[in-house]
Amino acid sequence: MMTFSLKFQQIKWLPALQVAIAYGILGWLSIGQRGLQTNTAPIWLAAGVGLASLILEGKTMGVGIFLGDLGLRSLWGYGLGGAIPGAIITTFTTLLAFKLLQIFQFSPHLARIRDVVLLVLLGGLIPAVLYGFLQAVLEQVLRTDTGNTFFQQRWFLGLSYGSGILLITPLLLRLQLIRQGRWQKSQERSRFLEAAMCFGLLITLGWIIFASKHLAPNPFDNGMHHAQYLEFLPYPLVVWAAIRFPTWGAVLSTLVVSSFAIAGTLQGKGSFILQSQNLPQAFLVLQTFIIITATTTLLLSAAIAERQRIEHQLRTTLERDRLLAEIALKIRQSLELGEILQTTVTEVRKLLQVDRVYIGFVVKDTDHFEVVAESVTAAYPSLLQVQAQAPKYEDISKFLPKTTLIAENIQELDLLSPLKAYYQHYQIQSVLAVPLVAQDQTLGLLVAHQCSRLRHWQKGEVRLLEQLATQVAIAVQQAQLYQQVQTLNCNLEKQVKARTLELEDRMLELEDLQEMKAIFLQAVSHDLRTSMMGLLMLLKNLQNRPCDNITLSRSILERMIQSGDRQLTLLNALSENHFNETRPLPLNCQPVALKPFLDHLLAEWRSLFIQNQATIVHHLSDHFPPIFADPQLLKQVFDNLLTNALKHNPLGIELTIEASLEKNLMRLVLKDNGIGMEQQQCEKLFQLCPRNVHNQRLTGIGLGCYQCRQIIEAHGGSIGVSSTPQQGTQVWFTLPIAQSKKSVI
């Protein structure tokens with residue numbers, strides 16, 4: 001059930017008064033001077049003003065219609081008893097037409113055949129019949145004598161009402177679109193020369209047919225019977241205008257032809273006067289002509305507009321499919337994310353004809369929203385170049401849409417109030433934003449801006465951006481996966497290189513070990529053979545003596561014992577795992593008085609010193625504190641060092657043993673004035689197998705020196721050597737002092 005209830009506070013009084021004034025002016029023009037005498041109105045233009053005001057401003061404009069109609073009826077001489085009911089009928093029928101159009105969702109753009117049919121039937125025909133019937137009943141009730149009985153006939157009143165709506169309402173609706181900025185100049189409307197030619201011919205032909213004095217006054221003079229159908233001559237021009245310039249061509253061409261027809265008919269001229277017996281009959285023909293012309297042109301223009309819209313949608317669909325295919329192809333062929341994003345924004349801006357398109361990502365680590373690709377017209381500032389003014393992530397995180405955001409006017413969005421300065425700076429009026437979502441996570445936005453005007457976003461445009469957003473999200477994921485693969489490949493290459501280097505090092509170590517093994521076997525066999533040969537020589541000398549009982553001298557016995565000890569030491573070194581760097585050497589440490597220890601040791605070596613013509617002295621006193629060491633291992637250290645000194649130097653060398661205190665350590669130095677060593681030999685002296693296999697003179701492997709380092713380091717000391725060729729050698733090592741060691745324990 002329809003209702004027209006209206007509260008006093010809801011009335012927009014200023015627009016209502018403007019409607020009342022416009023209604024009164026067009027009503028006055030409809031009646032004119034002739035109408036004041038006869039109360040005849042061939043076209044009720046004010047009805048078009050009333051319906052257009054309701055469509056554009058709402059039902060509160062019914063007050064303006066009532067006031068305007070009431071004022072006109074008062075000027076025509078109606079009393080309040082006749083003016084008020086007549087104004088109520090006019091207002092009611094207009095509101096009824098408006099309500100019916102609302103129910104069937106009428107669009108004021110008149111770009112669809114459906115809207116034109118609704119305007120003709122619901123806005124013109126049905127209310128016109130009702131208006132004519134009610135006004136005729138009112139005239140019969142009032143029994144007014146107007147001097148013209150035709151004015152009281154309902155068909156005349158209804159056609160007058162309906163033709164006024166079809167003539168004025170479309171014109172006002174189009175003018176309102178211009179005022180709202182929704183009318184765009186297109187390629188057809190820019191052809192001013194064609195439009196000027198069309199409407200120039202239309203004006204000329206309309207004046208000749210409807211207003212020229214040559215077609216008046218008597219239809220039967222001079223054989224003018226053929227002139228009664230001349231009103232159809234403007235139809236080709238009207239159709240031309242409706243086809244080439246819809247909907248404006250239909251509205252303006254109908255208005256031009258109707259204006260000449262109305263003016264000529266009121267002056268007693270034109271085709272309608274020629275084919276009618278009286279003026280009321282001419283008015284009926286005129287009204288029918290206007291209704292048919294307006295309906296035909298509006299339907300034709302709507303059909304052309306729908307066809308153009310369908311063609312545009314097809315072209316847009318083809319462009320959209322082409323763009324989607326191109327971007328999908330780039331995603332498959334290229335892994336350059338920047339190129340894909342830039343192609344997307346450039347093509348979208350061209351396709352949608354918007355002022356700016358950009359893609360931005362949420363960078364949570366840096367706490368801001370970063371624009372990575374943009375396409376913008378030269379008239380507006382770039383977001384990409386001035387990233388400093390971009391909104392912070394904390395400001396826009398709650399505004400990032402989880403679904404598509406469609407804003408035809410950003411001023412109507414209260415949620416964007418923190419971003420108003422940002423939108424004003426970049427002159428943004430309409431926004432279409434689609435989130436880039438991957439795995440339920442918003443990566444960023446694909447956004448289109450209209451800066452020059454407000455924009456109504458079409459469903460196809462929204463669908464295009466949503467499809468592109470899906471493709472872009474896929475491209476982003478693909479680029480991220482590619483980057484991860486590249487990172488893994490890089491790490492794998494590094495690992496392979498590192499492993500290769502490690503294997504090469506191991507190969508080198510194996511080669512060194514093989515070489516060391518060969519040197520070791522050669523040296524061990526040499527050392528064992530030398531000791532054994534010396535021992536066999538002594539035994540054979542004894543064997544060659546003629547007597548059965550052989551007496552050994554002490555020196556020979558000592559040499560045999562030394563030879564056996566050397567072989568035993570070498571075998572112990574091989575069997576007791578002295579070459580293990582990680583296994584600790586077992587110690588039996590005790591306080592050792594260094595001076596008595598050296599005196600006893602040197603006494604054992606006296607015969608070898610005499611044999612090698614060597615001298616040895618030490619500068620140790622009884623005041624030196626005892627050291628904390630294993631006596632057997634310490635003796636082995638001195639034996640190895642003295643053996644090397646005698647073995648690798650010529651006869652007659654001089655040896656000196658010195659001692660000094662360094663904090664909690666005793667520093668012992670063994671000096672000789674022999675041939676010395678190179679620096680390279682000094683660095684490798686205490687390493688395993690330092691000797692060169694090609695050095696025929698140095699036949700040992702340095703196993704004794706290596707044992708010395710193992711023993712000294714096991715005691716917590718250190719050992720080293722310094723030497724200069726032809727200037728002797730100094731071997732030093734440190735051992736802990738017994739008293740200090742006990743205090744530590």
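I took a salt bridge to be a side-chain nitrogen of Lys or Arg within 4 Å of a carboxyl oxygen of Asp or Glu. By that criterion, I found Arg112, Arg114 and Asp115 linked in a network of salt bridges. The model I examined is predicted. I recorded 17 salt bridges in the structure.

Entry on helices H17 and H19. I looked up how H17 (residues 594–604) meets H19 (residues 631–647): their axes come within 11 Å and cross at roughly 50°. H17 is therefore oblique to H19. I noted the crossing as right-handed. On the H17 side, I listed Phe597, Leu598, Leu601 and Glu604 as making the contact, and on the H19 side Pro631, Leu634, Lys635, Phe638 and Asp639. Sorted by class, this contact has six nonpolar, no polar and three charged residues.

I found the side chains of aspartate 599 and lysine 595 joined in a salt bridge, at 3.3 Å from N to O. Both residues belong to helix H17 and sit four residues apart, about one turn of the helix. Aspartate 599 is partly exposed, at 35% relative accessible area, and lysine 595 is partly exposed as well, at 24%.

Entry on strands E9 and E10. I recorded a salt bridge between glutamate 658 and lysine 671, with the closest N and O atoms 3.3 Å apart. Glutamate 658 lies in strand E9 (residues 654–662) and lysine 671 in strand E10 (residues 665–672), 13 residues apart. I also noted a salt bridge between arginine 667 and glutamate 662, the closest N and O atoms being 3.7 Å apart. Arginine 667 counts as partly exposed at 23% relative accessibility, as does glutamate 662 at 35%.

How values were computed
Residues are numbered from 1 along each chain as its sequence is written. This is a predicted model: local features need pLDDT of at least 70, side-chain atom pairs count only at pLDDT 80 or more; totals for chains, interfaces and linings use all residues. Side-chain values use heavy atoms; hydrogens and water are left out. Axes are lines fitted to C-alpha atoms, for helices over the stretch in contact, and angles run from 0 to 180 degrees between N-to-C directions. Helices (H or I, at least four residues) and strands (E, at least two) are DSSP runs, numbered from the N terminus. Angles under 35 degrees count as roughly parallel, over 145 as roughly antiparallel, 65 to 115 as roughly perpendicular and the rest as oblique. A crossing is left-handed if the near helix is turned anticlockwise from the far one by less than a right angle, and right-handed if clockwise. Contact means heavy atoms within 4.5 Å. Ala, Val, Leu, Ile, Met, Phe, Trp, Tyr, Cys and Pro count as nonpolar, Asp, Glu, Lys and Arg as charged, and the others, Gly among them, as polar. Buried means under 20% relative accessible area, exposed over 50%, partly exposed in between (1.4 Å probe, protein chains only).
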